[in-house]
Amino acid sequence: MLIDAAGEAHHPEEVQFLLPVNPGKVIALALNYADHNAELGFKTPEEPVMFLKPNTSLLPHGGTVEYPRGAQFMHYEVELGIVIGQDARRVKAKDAEDYIGGYTIANDLVVRDYVSNYYRPPMRAKGWDTFGPLGPYLVSADEVPDPYNLGLRAFVNGELRQEGNTRDMILRGPELIEFMSRFMTLQAGDVILTGTPKGVSHVKPGDVMRLEIDGLGALENDVQWESEDAEPLIAQEGQRI
C-alpha cells in the first residue's frame, strides 16, 4: 500500500503516478557498460559520452510510450537514475556522495535507426516525447546501502529480456559527478542516467515494458502507436524507414 501525506493508504493500482522528481535537466550517459558496448560493436570511450534528455521526454510510471510511425528498431534501456540532492559545482569524487539525494529507475528509450556513432549526440534517437519513463519512486540515498550492487532487469510482456548489475558500470556516480560538475552546475533535482547493460531488444506497439532495479521498485509502461496524422520518420541519408 502507498501512504499519502495525510496518512491514508492507497493501492498502487488505484492511483495515478506522477514523476518522482521534476528535474531542471537530465544528463544521460552512453556506453557505460562494457558488455553493452560490445553488443553494439562500439569500443569503450576514453571519457564519458554524455547527452541531454529533454524534459519533454519524461513520462511517469503507468504512462503510455508513443511508438514513432516508420520506426523499425525501438529499444528499451533499463538504467539507474541518480538524483542530485543539492547544487554541485567542482565537486571531487570523494565528496560526491554528499550531493546525491536518491535513486530511481529510468527507461532510456531509443529509436536505434538514428544511432550511427557516439560522436553525434543522439537527440533524434532518444529525445522523443515519452522516451524517458522515470519512477515509480524516488528512493532516498540512505535507503540504498550499496547503489553499485543492484540487479537490473527488463521484461517485455512478462519475458525477461535484459539483466545486469550496477557493479559492472565503467564510471560510477561519484566519478560522473566530479566530471560533470567541473564544467556545469548540477542542481538539486537534476537526474543522471548511468547507462545500460547488454540485452536490448525491439519493442513494438502493444508491448508492455517492466523495468526493475533491486530496492527501487518496478517501472512499467505500455507502448502504443503515435497519432495517425504523424508523418513517418525519415531515416539517415534521406531514406524512408
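In strand β13, Glu159 is the bridge partner of Val156, and the two antiparallel strands β12 (residues 151-156) and β13 (residues 159-165) are joined by six bridges; helices (H or I, at least four residues) and strands (E, at least two) are DSSP runs numbered from the N terminus, and two strands pair if DSSP finds at least two bridges between them. The model is a predicted one, in which local features need pLDDT of at least 70 and side-chain atom pairs count only at pLDDT 80 or more, while totals for chains, interfaces and linings use all residues. Residues are numbered from 1 along each chain as its sequence is written, and side-chain values use heavy atoms, with hydrogens and water left out.

**Strand β12 and its partners**

- Between β12 and β13 the hairpin has two residues, and Asn157 takes a positive phi near 55° there.
- Strand β12 is also joined to β15 (residues 208-213), by five bridges in an antiparallel arrangement, and in β15 the bridge partner of Phe155 is Arg210.
- Six of the six residues of β12 are buried, where buried means under 20% relative accessible area, exposed over 50% and partly exposed in between, with a 1.4 Å probe and protein chains only.
- In a regular strand the side chains alternate between the two faces of the sheet.
- In β12, Gly151, Arg153 and Phe155 point one way, whereas Leu152, Ala154 and Val156 point the other way.

**Arg153**

- The side chains of Arg153, which lies in β12, and Asp214 are joined by a polar contact of 2.9 Å, a term for a pair of N or O atoms within 3.5 Å; within protein, one must be able to donate a hydrogen and the other to accept it, and residues adjacent in sequence count only if both atoms are side-chain atoms.
- Not counting residues up to four places away in sequence, Arg153 touches residues including Val78, Leu160, Arg210 and Asp214, contact meaning heavy atoms within 4.5 Å.

**The five-stranded sheet**

- Strand β6 runs parallel to β16 (residues 217-225) and is joined to β16 by four bridges, with Asp222 in β16 as the bridge partner of Thr64.

**Helix α3**

- In α3 (residues 173-181), the buried residues are Gly173, Pro174, Leu176, Ile177, Met180 and Ser181.
- These residues lie on the same side of α3 because they cover an arc of only 160° around the axis, the arc being that of the directions from the helix axis to the C-beta atoms.
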